[in-house]
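The sequence and the structure come next.

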Amino acid sequence: GSILAANNDPAGARKAFLAICSNSPNLILGYLGLARLDLELQKNRAEARTMMAKALNTHAANPVYFEQLGFMALEMNEFDLARQSFIRARESGSGRNTTILGLANALIGLGRGAEAVKVLEEALRLSPDNLLAASLAKVKENPRRMLTGQGLPVPPAPPPQADPDADQGD
């Protein structure tokens, strides 16, 4: 499917990804492929969202797939889906900085900057790292600003907050 999509054959790519989903419904790759196809080539955000939710419910063990799903969700301002995806990546064994920073961005997008600080502090306690320390300082400085750089895709701006002084969550 990916080769067909890269060669500008979205119909062939869709057919290949649908076959994967049909033959192996617990395999995340088919749903990820369809989500990426819908998001980038078809510009169908609703269908991309549906495929991303299905991907999240698979039994994949590779955390990289959940991380990719999380970054697609961030691109779409689907912050809760992104949060769930990065949590699944961590549960599947990812300790990668990009997973932790993606989770922090999802929390910031949800207006939960204080929780993003806790995630970064916990990660720093487990493994001291300059990138995480710099990111923590940035979030503490402005808990509403998304993190960028260091290999992270540039995230969209979070939706406006109704009440800037509202509780940041637990």
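In this predicted model, the axes of α4 and α5 come within 11 Å and cross at roughly 150°. An angle over 145° counts as roughly antiparallel, and α4 and α5 are therefore roughly antiparallel to each other. Their crossing is left-handed. On the α4 side the contact involves R45, M52, A55 and L56, which meet F66, L69, M72, A73 and E75 of α5. Sorted by class, this contact of α4 with α5 holds seven nonpolar residues, no polar ones and two charged ones.

**Overall composition**

The protein contains nine helices and zero strands, so that its elements, read from the N terminus, run α-α-α-α-α-α-α-α-α. Of its 170 residues, 41% count as buried. Among the contacts with a separation of 6 or more, 54% are between residues 24 or more positions apart.

**Helix pairs around α6**

Two packed helices are described by the angle between their axes and the distance between the axes.

| Helix pair | Axis distance | Crossing angle |
|---|---|---|
| α4 and α5 | within 11 Å | roughly 150° |
| α4 and α6 | within 11 Å | roughly 25° |
| α6 and α7 | 8 Å | about 155° |

Helix α4, residues 45-56, also packs against helix α6, residues 79-91, with axes that come within 11 Å and cross at roughly 25°. That angle makes α4 roughly parallel to α6, and the crossing of these two helices is left-handed. The residues that form the contact are R49, M52, A53 and L56 from α4, together with L81, Q84, S85 and R88 from α6. By class they divide into four nonpolar, two polar and two charged residues. From α6, the residues F79, A82, R83, F86, I87, A89 and R90 take part, and from α7 the residues T98, T99, G102, L103, N105, A106, L107 and G109. The contact of α6 with α7 comprises eight nonpolar, five polar and two charged residues.

How many aromatic pairs does a search of the whole structure find? The search finds one. Its members are F71 and F86, whose ring centres lie 5.0 Å apart and whose planes stand at 75°, so the pair is edge-to-face. Because F71 lies in helix α5 and F86 in helix α6, the pair ties together parts that are 15 residues apart in sequence. F71 is buried, with a relative accessible area of 11%, and F86 counts as buried at 0% relative accessibility. F86 is also one of the α6 residues in the contact with α7.

**Three further buried residues**

A60 is found in the loop between α4 and α5, the latter spanning residues 63-75. At 15% relative accessibility, A60 counts as buried. Leaving aside neighbours within four places in sequence, A60 is in contact with N26, I28, F66, R88 and S92. From C-alpha to C-alpha, A60 and L29 are 9.0 Å apart in space, although they are 31 residues apart in sequence.

E115 is found in helix α8, which covers residues 113-126. Is E115 buried or exposed? With a relative accessible area of 18%, E115 is buried, since the cut-off for that class is under 20%. E115 and L103 are twelve residues apart in sequence, and their C-alpha atoms are 9.9 Å apart in space. L103 is itself among the α7 residues in the contact with α6.

S135 has its place in helix α9, residues 130-141. At 6% relative accessibility, S135 counts as buried. Not counting residues up to four places away in sequence, S135 touches L101, L120 and L147.

Notes: Residues are numbered from 1 along each chain as its sequence is written. This is a predicted model: local features need pLDDT of at least 70, side-chain atom pairs count only at pLDDT 80 or more; totals for chains, interfaces and linings use all residues. Side-chain values use heavy atoms; hydrogens and water are left out. Axes are lines fitted to C-alpha atoms, for helices over the stretch in contact, and angles run from 0 to 180 degrees between N-to-C directions. Helices (H or I, at least four residues) and strands (E, at least two) are DSSP runs, numbered from the N terminus. Angles under 35 degrees count as roughly parallel, over 145 as roughly antiparallel, 65 to 115 as roughly perpendicular and the rest as oblique. A crossing is left-handed if the near helix is turned anticlockwise from the far one by less than a right angle, and right-handed if clockwise. Contact means heavy atoms within 4.5 Å. Ala, Val, Leu, Ile, Met, Phe, Trp, Tyr, Cys and Pro count as nonpolar, Asp, Glu, Lys and Arg as charged, and the others, Gly among them, as polar. Buried means under 20% relative accessible area, exposed over 50%, partly exposed in between (1.4 Å probe, protein chains only). Rings of Phe, Tyr and Trp (its six-membered ring) pair if their centres lie within 6.5 Å; planes under 30 degrees apart count as stacked, over 60 as edge-to-face and the rest as tilted.
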